[in-house]
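Trainee: I am new to this structure and would like to learn what stands behind each term that is used for it. Could we look at it together?

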Amino acid sequence: MSTFNLDVVTPTRNLEEMVVSYIRCPGLDGSFGIMANHQEGIFSLDIGEIMIKTKSETKYLSTSGGFAEIVNDGVSILVETVESASDIDIPRAEAALQRARDRKSSSDNENLDQARLENALSRALNRLQVAKK
Ligand code: ATP
């Protein structure tokens, strides 16, 4: 199977460049796959799981969203946060989930930033999901 280069970049770190054969990304309209010779473009990413296949293994990353830029010699994933499944701190994600749920059920709904709350909830649920991989 043809391979291509993948860079994963956040505002604070770069993952080691990888040579991959397939990536599945969490697009805003659902997940989509990228293989060698994919059409070029910039695609928005949602909170979700990034699956990466190399010749020897399949890796899973959690992300809180950003962009995937596809150019002819490779793919750059530019995201706000990224964690590999084994790096996810499960108690931390469980605590974040609990905080978001507590806020959701709090009676002070007037001062609640609903979008921020839903995002925090989704990030925590996603991390817990990816950590199982
Ligand atoms: P928390 O409230 O626990 O900080 P959060 O969803 O608000 O969760 P983010 O703002 O998305 O956290 O991420 C801040 C930084 O912490 C990022 O570098 C992210 O990769 C890292 N991070 C957040 N949660 C976890 C986790 N459960 N395990 C490992 N790294 C995490």
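Trainee: How many helices and strands are there in the chain, and what makes a stretch count as one or the other?

Mentor: The chain has two helices and 10 strands, where a helix is a DSSP run of H or I with at least four residues and a strand is a run of E with at least two, both numbered from the N terminus. From the N terminus on, the order is β-β-β-β-β-β-β-β-β-β-α-α. This is a predicted model, in which local features need pLDDT of at least 70 and side-chain atom pairs count only at pLDDT 80 or more, while totals for chains, interfaces and linings use all residues. Residues are numbered from 1 along each chain as its sequence is written.

Trainee: Why does Asn 37 count as exposed?

Mentor: A residue is exposed if 12 or fewer other C-beta atoms, placed from the backbone, lie within 10 Å of its own, buried if 20 or more do, and partly exposed in between. Asn 37 has 10 C-beta neighbours inside 10 Å, so Asn 37 counts as exposed. This residue lies in the loop between β4 (30–34) and β5 (41–45), and its phi is near 70°, a positive value in a residue other than glycine. In the chain, buried residues make up 23% of the 133 residues.

Trainee: Which domains does the chain have, and where do their bounds come from?

Mentor: The assignment gives domain 1 (4–85) and domain 2 (88–131), with bounds that come from an automatic or database domain assignment. Their centres, taken over C-alpha atoms, are separated by 24 Å. The contact between them takes eight residues from domain 1 and nine residues from domain 2, two residues being in contact if their C-beta atoms, placed from the backbone, lie within 7 Å. On the side of domain 1 that touches domain 2, β6 (48–53) and β7 (58–63) each supply at least two residues.

Trainee: Why is the ligand's shell said to lie between the domains?

Mentor: Domain 1 and domain 2 both give residues to the shell around the ligand, so the shell lies between them. Among the residues around the ligand are Ser 64, Glu 83, Asp 89 and Arg 123, and α1 (90–104) and α2 (114–131) each supply at least two residues of the shell.

Trainee: How many residues of the shell are charged, and what makes a residue count as such?

Mentor: Asp, Glu, Lys and Arg count as charged, Ala, Val, Leu, Ile, Met, Phe, Trp, Tyr, Cys and Pro as nonpolar, and the others, Gly among them, as polar. By these classes, the shell has six charged, four nonpolar and two polar residues.

Methods:
A residue is near a molecule or strand if its C-beta atom, placed from the backbone, lies within 6 Å of it.
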